[in-house]
Protein chains: 2
Amino acid sequence: MTASTIPGYRYGDPALPPASIDAAGLADLRAACLLGDDDLAALREAAPIIAPQVEQVLDTWYGFVGSHPFLLASFSTANGPDADYLAAVRARFGQWIRDTLRANFDADWLAYQREIGRRHADGKNATDGVVGAPPVVPFRHVVALVVPIVETMRPFLAKGARDAEHLERMHRAWLKAVVLSVALWAEAYVREGWW
Amino acid sequence: MTASTIPGYRYGDPALPPASIDAAGLADLRAACLLGDDDLAALREAAPIIAPQVEQVLDTWYGFVGSHPFLLASFSTANGPDADYLAAVRARFGQWIRDTLRANFDADWLAYQREIGRRHADGKNATDGVVGAPPVVPFRHVVALVVPIVETMRPFLAKGARDAEHLERMHRAWLKAVVLSVALWAEAYVREGWW
């Protein structure tokens with residue numbers, strides 16, 4: 001599936017509301033999470049390593065979610081886990097990996113991160129036309145999932161790393177990019193003016 | 001300065017509101033961030049390594065905050081950075097390091113994490129009687145600071161690690177504990193029912 005055919009994928013859609021922070025605000029946020037240009041380079045080096053493994057990465061993450069009822073609940077209705085919902089989110093989640101590794105953190109990217117956050121909060125379910133699933137993903141779980149999303153990437157990066165130093169550099173850049181993403185997604189959850 | 005003489009330190013104070021999650025909720029949150037009993041053991045092994053270095057860790061973190069005006073702003077009034085405010089927070093921040101490494105994540109600890117979160121949001125400034133500083137620490141910065149708080153700990157852990165594997169084990173446990181803390185602190189920022 002190419003990005004343009006993923007249902008609900010809206011990176012670059014000019015109809016999206018713009019981000020609440022401008023380039024200077026993003027520069028500050030990048031500084032706060034130590035995400036330097038060397039990290040962007042490391043992410044881009046990781047991109048072709050991960051590209052052929054995206055489905056396996058998603059298998060790992062979905063296996064994790066599926067094995068924890070309190071996580072699977074976000075994708076479930078009274079009839080149990082919603083396979084269509086899980087599949088729709090999965091396609092966008094895979095594209096999020098690719099986009100994050102492309103490391104083109106511009107205004108379009110910022111606007112789409114805001115939209116991704118919204119879809120975990122008051123915009124949850126609507127994109128995929130799901131009825132009866134919980135109305136939000138609890139934010140404490142969004143934050144906590146930074147750890148498995150970071151930790152489980154390491155063996156996939158290791159398959160294409162030149163050496164231990166290269167692996168470490170890519171993995172640390174991935175940690176920073178995931179933390180940056182969650183910091184941006186948080187906007188949809190946080191009280192007015194406190195984000 | 002011992003814990004009992006740190007102004008505003010309230011870990012264990014029965015007058016604090018209890019946490020919003022119970023032991024089962026904490027178990028879920030620990031599972032979401034992969035914080036196992038082996039990690040608690042690793043944190044406790046790190047405790048005596050870090051204990052004699054807490055002031056140097058804080059020097060590093062304060063140096064980082066002090067070198068970024070958008071971070072220092074949270075501790076500043078119209079008269080510039082408030083040295084008393086910085087010092088009061090510093091004493092509690094050092095104790096937070098010690099408490100986190102003690103890894104006794106019980107109901108008292110949960111209640112105090114909730115209070116720590118509140119002091120970054122609508123309870124900011126009041127504990128230290130500060131007037132004129134910004135009313136909240138922007139939440140996106142709280143999330144982003146996970147990275148420096150994790151990365152800068154590594155050389156301090158390295159000073160007492162038995163070997164590379166021991167260092168890695170302690171450092172990963174620290175990452176998980178910091179993410180857990182931020183997930184808990186988030187409650188004060190998040191809209192009703194979405195945390």
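Colleague: How many salt bridges are counted between chain A and chain B?

Modeller: In this structure, which is a predicted model, the count between chain A and chain B is 3 salt bridges, while a search of the whole structure, over all chains, finds 32.

Colleague: What makes the pairing of B:Glu192 with A:Arg191 a salt bridge?

Modeller: The term asks for a side-chain nitrogen of Lys or Arg within 4 Å of a carboxyl oxygen of Asp or Glu. The N to O distance between the side chains of A:Arg191 and B:Glu192 is 4.0 Å, so the pair is counted under that cut-off.

Colleague: How do you know that A:Glu115 and A:Arg118 form a salt bridge, and how far apart are they along their helix?

Modeller: The closest N and O atoms of A:Glu115 and A:Arg118 are 2.9 Å apart, which is to be set against the limit of 4 Å. Both residues belong to helix α6 of chain A, and because they are 3 residues apart there, about one helical turn separates them.

Colleague: Why are α6(A) and α10(A) called roughly perpendicular?

Modeller: The axes of helix α6 (residues 107–120) and helix α10 (residues 164–185), both of chain A, come within 8 Å and cross at roughly 65 degrees. The class of roughly perpendicular takes angles of 65 to 115 degrees, and α6(A) and α10(A) are therefore placed in it.

Colleague: Which residues meet where α6(A) and α10(A) are in contact?

Modeller: From α6(A) come A:Trp109, A:Leu110, A:Gln113, A:Ile116 and A:Gly117, and these meet A:Leu180, A:Ser181, A:Leu184 and A:Trp185 of α10(A). Sorted by class, the contact of α6(A) with α10(A) has 6 nonpolar and 3 polar residues, and no charged ones.

Colleague: What makes α2(A) and α10(A) roughly perpendicular as well?

Modeller: The axes of helix α2 (residues 37–50) of chain A and α10(A) come within 8 Å and cross at roughly 105 degrees. As that class runs from 65 to 115 degrees, α2(A) and α10(A) are therefore also described as roughly perpendicular. Among the residues of α2(A) that take part are A:Asp38, A:Asp39 and A:Glu45, and among those of α10(A) are A:Arg169 and A:Lys176. The contact of α2(A) with α10(A) has 8 nonpolar, 1 polar and 5 charged residues.

Colleague: At what angle do the axes of α2(A) and helix α5 of chain A cross, and which residues make the contact?

Modeller: The axes of α2(A) and α5(A) (residues 83–102) come within 7 Å and cross at roughly 145 degrees. A:Leu43, A:Arg44, A:Ala46, A:Ala47 and A:Ile50 of α2(A) make the contact with A:Ile97, A:Thr100, A:Leu101 and A:Arg102 of α5(A). By class, this contact of α2(A) with α5(A) divides into 6 nonpolar, 1 polar and 2 charged residues.

Colleague: What area is buried between chain A and chain B, and which three residues of chain A supply more of it than any other three?

Modeller: The area buried between chain A and chain B is about 3,800 Å², and carbon and sulfur atoms give 69% of it. Of the area that chain A buries against chain B, A:Arg140, A:Glu151 and A:Trp194 supply 19%, more than any other three residues. In terms of contacts, 40 residues of chain A meet 40 residues of chain B.

Notes
Residues numbered from 1 in each chain as written. Chains lettered and ligands numbered in written order. Predicted model: local features only at pLDDT ≥ 70, side-chain atom pairs only at ≥ 80, totals over all residues. Heavy atoms only, no water. Axes fitted to C-alpha atoms, helices over the stretch in contact; angles between N-to-C directions. Helix = DSSP H or I, 4+ residues; strand = E, 2+ residues; numbered from the N terminus. Parallel < 35°, antiparallel > 145°, perpendicular 65-115°, else oblique. Contact = heavy atoms within 4.5 Å. Nonpolar A, V, L, I, M, F, W, Y, C, P; charged D, E, K, R; others polar. Buried area = accessible area lost by both parts, 1.4 Å probe.
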